[in-house]
Every structure is written in C-alpha cells, then in structure tokens.
Amino acid sequence: MRAAFARSALFQLHWFLGLTAGLVLMVVGATGGVLSVEDEIAGLLSPDIVTVQVREAPRLTPDALVARLTGDAPGRRVTLMVLNGAPDRAARVRLADGPGRGTETYVDPYDGRILGPARGEAFFDAVLRLHRWLLLPGNGDGWGRSLTGASALALVYLALSGLYLRWPKGRRDWRIWLKPALARRGRALYWSLHAVVGTWVLVLYLVMALTGLWWSYDWYRDGATFLLTGRPAAASARIAGAREATKREAAAVPLDPAFAAFSAATGGRYATATLAPARAGETIRIRSVAPDAAHFQARDEWRFRPDGTLDSRDLYAERALGPRLTGSMLALHEGRFFGPVGTVAFALAALAMPLFGVTGLLLYLGRRRSRRRHAAAPAAGTARTPGGMRPEQAA
C-alpha cells in the first residue's frame, strides 16, 4: 500500500512538473540545440569575415594590433584579444567605447582592419538570452535566471522519476525497453515515444541539467567547485573583481615580450590564444588551446612577467579531474567534452526536448478524456428511458 501511494505521488508530481516546467524546458532545449551549431552557421554565413587571405607578411603582434585598433578610433580600448593560430583565420577582438566589457568583432590579423561581427550574431545573441534568461528584464540578474534554474532542477526530477516509474517489474525484452512502438496509434504511441526516447537521453539530460545549474545559482557553483577542487570559488571571484576594478587606474604594460615567450614555449602551435591588456604590477595571462585539444575549453594557462619571464604555467593535461571539470563546464553542458559524437548527441537531445512536452500533454489530455468517459458510463447505465427501461433494454 505504501509503495503504491509513493508511486502515485511520484507520478502526480512528474506530470505536474512536466506541464509547468515543461514549457520552459521546451524553450531551453530548442534554443540550446540551435546554439550548438552557432559556430558552424557563422562560418557558412560569414566566410569573408571569419577567414582572411593568407599573406607572406607576418601577422601583427598583440601590441601592434592594439595600437592599430585604438589609433583608428581614439577613445576606444581593447579589452580582450583571441588570436587564431591558423594563418587564414581572423582574430576576434573585444572593443569598448566606455565602461563595460564592450562588443566583439573580427579583425584581419595582418593589417588590423576591422571586419565586423559575424552575420547572424544578433540573432544568436537573442537566442542565447532566451536560452539563459527567457528574454526577461534584468537578464542574469532578473527572474529569467531563476526560472531556467528551477526548470533545470525539475528536469533532474523528471529524468529520475521517469526512470523509476518505467522500471520493469521482472524481466522484460530489451526491445520493449529501448525500441519505440511506432506501429501503435494514439496514447500507446505517445507513451512509447515519451518513455523510450526518454530512456535514450536520460543520462544526457541529467548532464545538461546539472551543468546548467552552474550558471543559475551561485550556491550551486560554489558548492560544486569546492566538491570538485577542494577550493572555494567565491574567494577567487572576489580577487578577480578587485583586479578588474584597478585595471583602469594603472598604465598598460607591453604584451609582445610575453607573447613572444609564449610562442617560443609552444613552438608557435596553438589553436587559439586569448589575452587581455595588463596593467603595471600584473602578470600577463595567456589562455591557449592546443591544435589537438579535446575541446574548446581544454585551455592551458600561462602567466608571464612584463619582460617575458615565465611566472607560472598550468597545463590542462596535467590537471586533476576536478579542475578539468570546473574549467570545462560549458563544454560539458554542450557535450563537446565528449568529442564530436557527444556534440551531435547532445544537440539532438536538446532539440528533442519539445517531444516530451508535447507527448506528455497529449497523454495528460487522454487520461482526462478517459476518466470522463469512465465517470459517464455508470450514469448512462442507470439512466431510464421514458418508458421506465434502461437504454440497453429499450434497444
């Protein structure tokens, strides 16, 4: 009796969360699937922006690139540079006219000419804000962040409770467990799609939800960071914030000696190298991704003194599993952490999220119609004809 009551309660909460949080999950899943192909679409739409003609002349050094960009527009400052190791790829630069992070644009690394943002960037920016914050006011500081976070928690429950509710009593043919019954119609087909496809993507949805919570709740990120690394995240965030606040108060230091030392240490082999202008008293940090890196967040971190002397080096391959995971949370969320197969699988799973909302709603409406029919059957059985007979007797 208790087991039946618990199972019924789990089921009631499952469909309630599916009907409420399911709408948000459908939006988040569909937009996540679209975002997973952003880089590929940007390359197709903007071949003349993301790629450049290879020339015999050397590419500009970081300091020369900064001088060129700030000289063309006085008052504008470079806040970040992403240099590409391929000779035919444009650099990405973040430019700011005032306070704040600024906006990103592509730049020709040979002459510093601004190529502009990739086509479709405004669309993907809107999709990203819809995915993270539902386009609600306040962005990351508004209600949208809380709603998507709550929906991620709901997804964890829906996945685990769905597995429990479907768990077979006794032995069952694997074809029933993993093969959808496409020949069925109506509620039987909806249930088969809902349950079988849900079994396929259950682990993927758990990974998506548990990593998505990283951006929804500070307490979750701090707790996960401490659990995986043994170090609190808040302290490092405060230090980074203090450094950012003092950057504009000190004079910039040259970047070329540090970048030359980095190029010598890596043999000039890197997929991307990210660096930002540094101020007096700071080390110059360069985050690089090797050409054969497993994913885009498999970054090595180098720190150099202004004269090019190596201060510290933190290679991705030498880190323990915990720091690797905390530094690769977006790659985990998108499935890129698991290679090309993981990327495709996560994208398809995200795009399939509306399937569960639609089939769950159809199953719910079907149950309501069935209950109404069952409730009406006894009433029809006791109804009398004008002659005093039941309908079946009158027939």
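Let's start with Thr-148, which sits in helix H6, residues 143-166. A reminder before we go on: this is a predicted model. Is Thr-148 buried or exposed? Its relative accessibility is 10%, and buried means under 20%, so Thr-148 counts as buried. What does Thr-148 touch, once neighbours within four places in sequence are set aside? The contacts are Val-24, Val-28, His-131, Arg-132, Trp-133, Leu-134 and Ser-216.

Next, helix H14. It covers residues 339-351. Check the geometry. There are 13 residues, and at 1.5 Å a residue they should span 18 Å. The end C-alpha atoms are 19 Å apart, which agrees. Now, which residues of H14 are buried? Gly-339, Gly-342, Thr-343, Phe-346, Ala-347, Ala-349 and Ala-350. Look down the axis of H14. Those buried residues fall within an arc of 165°, so they line one face of the helix. Turn to the face pointing away from that buried side. There you find exposed residues: Pro-340, Val-341 and Leu-348.

On to charges. How many salt bridges are there? The count comes to 14. I'll take three of them.

First up, Glu-104 and Arg-94. Their side chains meet in a salt bridge at 3.4 Å, N to O. This pair links distant parts of the chain. Glu-104 is in strand E3, residues 103-107, and Arg-94 is in strand E2, residues 91-96. They are ten residues apart. Arg-94 has a relative accessible area of 13%, so Arg-94 is buried.

Next pair: Asp-108 and Arg-113. Here the side chains meet at 3.6 Å, again N to O. Asp-108 is buried, with a relative accessible area of 1%. Arg-113 is partly exposed, at 43%.

Then Arg-221 and Asp-218. The closest N and O atoms of this salt bridge are 2.5 Å apart. Where do the two residues lie? Both are in helix H9, residues 218-229. They are three residues apart, about one turn of the helix. Arg-221, at 23% relative accessibility, counts as partly exposed. Asp-218 is partly exposed too, with a relative accessible area of 40%.

One last item on salt bridges. Some share partners, and these join Arg-55, Asp-108, Asp-111 and Arg-113 into one network.

Conventions:
Residues are numbered from 1 along each chain as its sequence is written. This is a predicted model: local features need pLDDT of at least 70, side-chain atom pairs count only at pLDDT 80 or more; totals for chains, interfaces and linings use all residues. Side-chain values use heavy atoms; hydrogens and water are left out. Helices (H or I, at least four residues) and strands (E, at least two) are DSSP runs, numbered from the N terminus. The expected span of a helix is 1.5 Å times one less than its number of residues. Buried means under 20% relative accessible area, exposed over 50%, partly exposed in between (1.4 Å probe, protein chains only). The arc is that of the directions from the helix axis to the C-beta atoms. Contact means heavy atoms within 4.5 Å. A salt bridge is a side-chain nitrogen of Lys or Arg within 4 Å of a carboxyl oxygen of Asp or Glu.
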